[in-house]
Amino acid sequence: MSEADRGMGLEAALWRAVAVYRGLALVYAAAVIAMNFDGYARPAGGWAVLAVMAVWTAYTVSAFRDPRRRRWPPLAADLAVASGCLLATAWVETPENIADGRPTLPVSWVAAALLSWAVAGGRRLGIAAALVLSVANLLVHAIAGTAGGISRTTFNGIVLLLLAGLVVGHVVRLALDAEARLARAVELESATRERERLARRIHDSVLQVLAMVRRRGDELGGEAAELGRLAGEQEAALRTLIGAAPAAVPDTGDDVDLRPLLTGHASASVTVSTPATEVRLPAHAAREVEAAVAAALDNVRRHCGDGARAWILLEDGEDAVTVSVRDDGPGLPAGRLDEAAADGRLGVAQSIRGRVRDLGGTVEITSAAGAGTEIEMTVPRR
């Protein structure tokens with residue numbers, strides 16, 4: 001899912017939630033400063049820090065609405081401003097109040113920067129922001145000369161920051177991944193509905209005509225019988241095509257089901273057998289295996305004649321996937337493959353063996369004169 005797409009969905013809602021939190025936390029910080037400013041060493045400094053927080057809140061609420069501005073410079077500046085307001089406590093407050101555990105000037109407002117980092121980069125960035133703010137909390141005591149008497153309130157605040165960075169970052173990543181999966185599921189459902197609609201229309205027209213041509217060709221015989229046979233093959237191939245799941249493989253690193261890619265080659269002369277459950281491979285590996293199978297079937301058509309049949313068998317192992325392509329052609333004479341490679345005909349050597357070898361797999365070719373040929377391709381899952 002692209003950044004623009006996310007900006008219109010769940011991610012935009014998360015950034016709005018951070019903006020709301022930032023505003024409410026600013027109001028709370030203003031109330032705390034108003035109640036405690038008489039006891040500050042520098043009361044005017046408290047109001048100055050509050051003014052900085054207000055200005056920065058207004059800027060970030062506006063800026064982070066644009067997905068293009070949720071990048072490193074604004075995020076780093078957000079954390080720097082939060083840390084600076086936190087450190088200003090050592091200048092505004094008295095050492096005695098800091099040692100007693102009186103709240104820092106921004107109070108919980110600094111957590112808005114942590115939430116921004118967690119939404120932008122997950123739990124790793126959330127924890128990183130929490131560590132920066134925790135160090136700033138400790139520096140407040142060091143600057144004020146109270147490092148030896150860190151209060152329980154400060155310690156609890158540091159723990160809460162770390163937990164917030166971890167939990168919020170993790171939940172945000174889970175939520176965004178779930179949204180992306182839901183979007184893919186909706187797209188797949190839409191494609192399935194469209195395929196079903198087309199299947200009904202094709203069944204009511206094209207498939208019925210092909211079936212009629214096949215029957216009439218068989219009845220008439222002669223050249224009409226050959227026409228009927230061809231119509232029957234196209235009918236079987238079309239039925240397989242409209243009944244199979246979409247075979248498009250996305251250009252991502254996700255695993256995909258190999259079965260639809262192979263069943264797309266089924267026809268009246270090609271039988272495909274697959275397990276009932278999904279057989280998953282990385283997208284690139286699945287495309288390469290399907291291309292190797294297509295090359296094997298092309299060899300069957302070119303070297304075994306129009307009447308030859310082929311069988312594709314997919315087997316799902318614990319650590320590897322095995323695909324076998326077998327035909328009932330005349331078989332390969334001894335040394336035929338070596339002779340073809342020497343003559344520069346590299347269909348088997350490159351299109352089949354080369355592809356599987358690049359995936360870390362192996363190819364075994366078994367053939368005997370008059371007994372057909374079987375090509376067994378074994379590819380590891382990773």
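**Helix packing around α3**

Tutor: Helix α3 passes helix α4 in a left-handed crossing. The model is a predicted one, and the description that follows rests on its coordinates. Helix α3 spans residues 43–63 and helix α4 residues 72–87; their axes come within 10 Å and cross at roughly 160 degrees. Angles over 145 degrees count as roughly antiparallel, and α3 and α4 are therefore roughly antiparallel to each other. On the α3 side, the contact is made by Val49, Val52, Met53, Trp56 and Thr60. Helix α4 supplies Pro74, Ala77, Asp78, Val81 and Cys85. By class, eight residues of this contact are nonpolar, one is polar and one is charged.

Helix α3 also packs against helix α2, which covers residues 10–36; the axes of α2 and α3 come within 10 Å and cross at roughly 170 degrees. That angle makes α2 roughly antiparallel to α3. From α2, the residues in contact are Ala19, Arg22, Gly23, Leu26, Ala29, Ala30, Ile33 and Ala34. From α3, they are Gly46, Trp47, Leu50, Met53, Ala54, Trp56, Thr57, Thr60 and Val61. The contact of α2 with α3 divides into 12 nonpolar, four polar and one charged residues. Met53, Trp56 and Thr60 of α3 take part in the contact with α2 and also in the contact with α4.

Cys85, a member of the α4 side of the contact with α3, has a relative accessibility of 5% and therefore counts as buried, the limit being under 20%. Cysteine 304, at 23% relative accessibility, counts as partly exposed. The structure holds zero disulfides.

Beyond helix α4, which ends at residue 87, comes helix α5, comprising residues 89–92 and including threonine 89. With a relative accessible area of 2%, threonine 89 is buried. Apart from neighbours within four places in sequence, threonine 89 is in contact with Ile98, Thr104, Leu105, Pro106 and Val140.

To place these helices in their setting, the protein has 14 helices and seven strands. Of its 382 residues, 39% are buried. Among contacts in the protein with a separation of 6 or more, 69% join residues 24 or more positions apart.

How values were computed
Residues numbered from 1 in each chain as written. Predicted model: local features only at pLDDT ≥ 70, side-chain atom pairs only at ≥ 80, totals over all residues. Heavy atoms only, no water. Axes fitted to C-alpha atoms, helices over the stretch in contact; angles between N-to-C directions. Helix = DSSP H or I, 4+ residues; strand = E, 2+ residues; numbered from the N terminus. Parallel < 35°, antiparallel > 145°, perpendicular 65-115°, else oblique. Left-handed = near helix turned anticlockwise from the far one by under 90°. Contact = heavy atoms within 4.5 Å. Nonpolar A, V, L, I, M, F, W, Y, C, P; charged D, E, K, R; others polar. Disulfide = S-S within 2.5 Å. Buried < 20%, exposed > 50% of the residue type's maximum accessible area, 1.4 Å probe, protein only.
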